[in-house]
Amino acid sequence: MVAQEFTVDLNKPLVFQVGHLGEAYQEWVHQPIVSKEGPRFFANDLLEFLTRTVWWAVPVIWLPVVGWCLTKSIQMGNTPLQLALMVVTGIFLWTLIEYTLHRFLFHIKTESYWGNTVHYLLHGCHHKHPMDGLRLVFPPAATAILCLPFWNLVKLIATPSTTPALFGGGLFGYVMYDCTHYYLHHGQPSNDPAKNLKRYHLNHHFRIQNKGFGITSSLWDSVFGTLPPTKSSSQSS
């Protein structure tokens, strides 16, 4: 007897279905459904509510925290120039974190039931439904949980007086990342560099999904050799 392949019913909550796809999950999740109407994740209304986040919640919630960090740093005796340097350093470090998470965690290969389920919640849903505007930015509750280990990491590598500004810079980098990511999917830029960046990111979604992991820039793709080939070079090869 041949086991029948599992089929996802898009009219039912998806999260607890996708795990049953097993090895077929990777192929299924990377076949986008282009619709602004997002799927239902959970039958439970509270869990469903927690998966939906409007983009403007990110700057509204986290920019005041950035401001508190920078104020704390000034109170510790840092000059405006020192503050600016630490913020820029924090933003730069965030771009590396952004690339690393996207490449090695968000695009991890899974095939077990819970592996597929967690991956779908983390990033697979975005590749399956890339135009779902309410599941494009990271939910604030999840961001708050992740802030704690990142704060401790900064404390480990920085001095007490530089920790708040470095963390604030990194958090500001995150805010720019999430807002940029939303804009690349739903904005209509007419000029570079935004127009080119939108093309670069949509190429990752719809053409070569194992390349082009940068969101706010292609810097780390260049450094680590994951730049997608141009259409001309790919056609000639």
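This is a predicted model: local features need pLDDT of at least 70, side-chain atom pairs count only at pLDDT 80 or more; totals for chains, interfaces and linings use all residues.
Residues are numbered from 1 along each chain as its sequence is written, and side-chain values use heavy atoms, with hydrogens and water left out.

View 1. On a 1 Å grid over the protein atoms alone, a cavity is a set of points where a 1.4 Å probe fits but cannot get out, and lining residues have an atom within 4 Å of a point. Pro39, Phe41, Tyr120, Cys125, His126, His129, Asp132 and Arg135 line the largest cavity.

**View 2. The largest pocket.** A pocket is an open set of points with protein on both sides within 12 Å along at least five of seven lines, and the largest pocket holds about 1,300 Å³ of space. Of the 48 residues that line the largest pocket, Phe138, Ala142, Thr143, Leu146 and Tyr174 are the closest to its centre.

**View 3. The surroundings of Thr53.** Thr53 counts as buried because its relative accessibility is 5%, where buried means under 20% relative accessible area with a 1.4 Å probe and protein chains only. Leaving aside residues up to four places away in sequence, Thr53 touches Gly133, Leu134, Val137, Phe138, Pro139 and Pro140, a contact being heavy atoms within 4.5 Å.

Conventions: Buried means under 20% relative accessible area, exposed over 50%, partly exposed in between (1.4 Å probe, protein chains only). Grid points are joined across faces, edges and corners, and a volume is the space filled by probe spheres set on the points.
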